[in-house]
Amino acid sequence: MMPGSAGWFLSEVPLLALTAVGTHLVMSGSQTLLHRWLGHRRWSGRFYRNHVNFHHVYYARGHLISTVYRGEEGNNTPFFLIPTLLAGGGLFFVLPGAVFLVMALAGAASFYGHVYFDKVYHVAGSPLERFAWFRRKQQLHFVHHLHANSNFAVIDFFWDRLLGTYREPDEEAL
Ligand SMILES: [Zn+2]
Ligand SMILES: [Zn+2]
């Protein structure tokens with residue numbers, strides 16, 4: 001089959017879907033590990049100070065939600081973009097074009113998803129609040145703010161189950 005033809009594309013759909021899902025899992029798994037091992041470990045210096053002194057101070061017990069997102073200072077996200085782009089860029093030379101394209105798009109969407117979710121969890125009036133699955137993830141993220149040794153994931157909390165850091169929301173109101 002000719003690369004680029006409709007038939008070729010259809011035959012590649014399972015591989016491309018797997019690539020998209022796999023890329024997202026690599027992103028969400030790395031985010032969980034980096035949050036745990038850099039964001040909350042003193043030895044990581046600047047990453048620790050940025051995360052704990054800003055995000056966790058802005059959003060703590062009693063004020064987990066604000067009207068405007070307070071993330072302008074102490075944001076570690078740009079630092080994660082650098083290794084991600086380097087690793088992704090290296091794969092350009094080894095992966096087939098379509099696979100690389102799907103990986104790049106899925107990686108960008110996943111990255112944006114993490115930034116977006118961490119933001120809207122803390123901002124009042126998000127349109128996603130109408131969805132039970134969103135409110136559930138939001139509660140699990142708030143658990144992290146109350147118990148900083150748990151729930152390091154932002155989107156896929158099964159990573160915390162694997163790491164043994166998963167914690168259900170408390171019975172008390174948050
Ligand atoms: Zn944290
Ligand atoms: Zn947060």
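A residue counts as buried if 20 or more other C-beta atoms lie within 10 Å of its own, exposed if 12 or fewer, and partly exposed in between, with C-beta atoms placed from the backbone. This is a predicted model, where local features need pLDDT of at least 70, side-chain atom pairs count only at pLDDT 80 or more, and totals for chains, interfaces and linings use all residues. Residues are numbered from 1 along each chain as its sequence is written, while chains are lettered from A and ligands numbered from 1 in the order in which they are written.

Q: Is N151 buried or exposed?
A: Let's start in the loop between α5 and α6 (158-163), where N151 sits. Its phi is near 50°, a positive value in a residue other than glycine. N151 has 27 other C-beta atoms within 10 Å, so N151 is buried.

Q: Which element has the lowest mean pLDDT?
A: pLDDT is the predictor's confidence in each residue, from 0 to 100, and the protein chain averages 90. Among the elements of the chain, α6 has the highest mean, 98, and the lowest, 84, belongs to α3.

Q: How many of the 15 residues of α3 are buried?
A: Helix α3 covers residues 77-91. This helix is hardly covered, and its count of buried residues is zero.

Definitions and conventions: Helices (H or I, at least four residues) and strands (E, at least two) are DSSP runs, numbered from the N terminus. The expected span of a helix is 1.5 Å times one less than its number of residues.
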